[in-house]
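Please open the model in your viewer and keep the selection tool at hand. The stops below say what to select next and what is there.

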Amino acid sequence: MTHVNNWLTNILRWFDSEAGSDHLDSSSRTFNLLRVLPFVGLHLACLLAFFTGVSTFAIGFAIAFFLIRMFAITGFYHRYFSHKTFKTSRTAQFIFAVLGASAAQRGPLWWAAHHRHHHQYSDQPEDLHSPHHGGFWWAHAGWFTCDAGFAMNKKRVGDWLKFPELRFINRFDSLVPTAFAVLIYFLGEALAAWAPGLNTNGPQLLVWGFIISTVALFHATVSINSLLHVWGKRRFDTEDDSRNNFWLALLTLGEGWHNNHHRWPRSVRQGFRWYEIDITYYGLWLLSKLGIVWDLNPIPEQILEETRQLDNQKRKRS
């Protein structure tokens, strides 16, 4: 009977992330297959592309939706909810929380709580997604398949719990991506009827515009965990093994300057030199000019000077 109750609780957590939270073992790193079946199913659903076909519009929509949601994850889930590197209104906070939640990477509070934990214990045994304590695949996709990854320490996000709308999005974290998937399906059906020249339809736009785009977005995001503590260059001698990588910075809109970020996580900008492309920062700068965000935390002058000195030393050695 206990096993049946556990199964039912894990299924209920697909819809309500707080179901059975009082009985959740936040220290367990045992693989929980039933809990992650929707994640597995999302990956398998990519194969439907062989049946729906493809169109230029569907691919363009998938790329655009990838970029919009990547900005919501990097700019707001990470730099705002996790690190508070700028300020914004409650309305904008909610809008970007919804866009971030549409990426199916759980709610903003869960995301911020785990990221804050990561910074406190980076590459130590307590760091749940360090590749140095579990290997590449564990750091990439294994860590959130266990109850320790599923749990959320509310004490780490007490500053955000005062917003009921954020608590709602966080608790019912499958609601937003499901709603977006339905809307995208009906958009495809509408385009099939009203703009047949685009050669798309509901099933095709759902598969490419939501499913494949979401899976690609997930793997791009978690590559920061699995790759950027192993692969890249270290400018700063931080206590962890964080690294900078130009190519991942392009893919993740600036998150690839990970060693910079671990040196000074309070900065809204992660590309410390002019040539370190940080698209998320450029987007936030533009939003600040529009009055949507403000009080962007700059890189302190002493950190900029340290950066210049280290780069000069590197050039002299070479």
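**A tour of pockets, helices and rings**

Begin with helix α11, which gives the lining of the largest pocket its largest share, eight residues; helices here are DSSP runs (H or I, at least four residues), numbered from the N terminus. The model is predicted, so local features need pLDDT of at least 70 and side-chain atom pairs count only at pLDDT 80 or more, while totals for chains, interfaces and linings use all residues. Residues are numbered from 1 along each chain as its sequence is written, and side-chain values use heavy atoms, with hydrogens and water left out.

**The largest pocket**

Now select F39, A103, A104, Q105 and R106, which lie nearest the centre of the largest pocket, among the 44 residues that line it. A pocket is found on a 1 Å grid over the protein atoms alone, as an open set of points where a 1.4 Å probe fits, with protein on both sides within 12 Å along at least five of seven lines, and lining residues have an atom within 4 Å of a point. About 1000 Å³ of space lies in this pocket, where a volume is the space filled by probe spheres set on the points, which are joined across faces, edges and corners. Colour α2 (37–44), α4 (56–82), α6 (108–120), α8 (147–150), α10 (175–194) and α11 (202–226), the elements that each give two or more residues to the lining. The lining divides into 22 nonpolar, 17 polar and five charged residues, counting Ala, Val, Leu, Ile, Met, Phe, Trp, Tyr, Cys and Pro as nonpolar, Asp, Glu, Lys and Arg as charged, and the others, Gly among them, as polar.

**The second largest pocket**

Next select S26, A148, A151, M152 and N153, which lie nearest the centre of the second largest pocket, lined by 26 residues. Its volume is about 590 Å³, and the largest share of its lining, five residues, comes from α6. The lining is made up of eight nonpolar, ten polar and eight charged residues.

**A ring pair**

Which kind of pair do the rings of F144 and F218 form? Their centres are 5.4 Å apart and their planes stand at 75°, so the pair is edge-to-face; rings of Phe, Tyr and Trp (its six-membered ring) pair if their centres lie within 6.5 Å, and planes under 30 degrees apart count as stacked, over 60 as edge-to-face and the rest as tilted. F144 sits in the loop between α7 (136–142) and α8, whereas F218 is in helix α11, 74 residues apart.
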